[in-house]
Amino acid sequence: MLDAKVDQKSVDATVDYMETVKQRILAAVRTGMAEGMELLAANTVAEMAAAGIQNRTGALAANILSSPRVTEDSNVIRGRVTAMSEVKAKGGGMYLSNLGNILDIGAIEPAVESPMHQIAEPDGGTFWARGHVAFDIKPHPFFRRAVEVSESPIMDIIRARVAEACEE
């Protein structure tokens with residue numbers, strides 16, 4: 001007859017060790033994701049230029065470079081880069097819109113007849129107008145391309161951070 005006993009202290013120590021390793025790995029994924037989003041932001045600005053989008057004020061590029069975020073819930077750690085920018089005066093104030101998406105996929109705006117309204121120019125000047133003529137913004141795809149060129153390096157960064165966490 002073989003009699004095996006497991007010491008509860010050993011079990012507790014093993015469970016504690018596994019929890020410690022899990023927390024180190026999660027921290028490594030967060031760190032790697034943050035580094036990856038910085039890379040994605042830089043690649044997004046580079047792809048924006050490659051797509052022919054001219055840098056007039058530098059605000060969009062600056063907004064992209066300052067946008068990387070890492071969030072998480074109980075199931076997922078997410079990285080995000082956005083191209084939010086102040087785009088239009090409304091009632092004397094500015095509002096944020098995802099200008100990057102507008103440039104990426106294009107937009108068609110029909111002509112509008114409206115009462116007098118104020119329009120803000122990129123240099124900060126303003127003027128008054130009644131409505132506007134129709135305009136068409138041709139697509140300048142750069143978001144998808146930035147993700148394509150960044151995906152593998154981002155995963156390499158995360159894998160490297162996890163490997164480092166496992167070695168500790």
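This short talk covers the helix packing and the nonpolar core of one predicted model.

First, the ground rules. Residues are numbered from 1 along each chain as its sequence is written, and side-chain values use heavy atoms, without hydrogens or water. As the model is predicted, local features need pLDDT of at least 70 and side-chain atom pairs count only at pLDDT 80 or more, while totals for chains, interfaces and linings use all residues.

The protein chain has four helices and eight strands. These are DSSP runs, numbered from the N terminus: H or I of at least four residues for helices, E of at least two for strands. From the N terminus, the order is α-α-β-β-β-β-α-β-β-β-β-α.

Now the helix pair. Helix α1 spans residues 8–50, and helix α4 spans 143–167. Their axes come within 8 Å and cross at roughly 155°. Axes are lines fitted to C-alpha atoms over the stretch in contact, with angles from 0 to 180 degrees between N-to-C directions. So α1 and α4 are roughly antiparallel, the term for angles over 145 degrees.

Next, the core. The largest nonpolar core has 23 residues. Such a core is a set of buried Ala, Val, Leu, Ile, Met, Phe, Trp, Tyr and Cys residues joined through side-chain atoms within 4.5 Å. Buried means under 20% relative accessible area, with a 1.4 Å probe and protein chains only. M48 and I64 touch the most other members. α1, α2 (59–65) and α4 each supply at least two residues. The largest share, eight residues, comes from α1.

What does M48 touch, leaving out residues up to four places away in sequence? I53, L60, A61, I64 and F142, with contact meaning heavy atoms within 4.5 Å.

Terms used
Angles under 35 degrees count as roughly parallel, over 145 as roughly antiparallel, 65 to 115 as roughly perpendicular and the rest as oblique. Buried means under 20% relative accessible area, exposed over 50%, partly exposed in between (1.4 Å probe, protein chains only).
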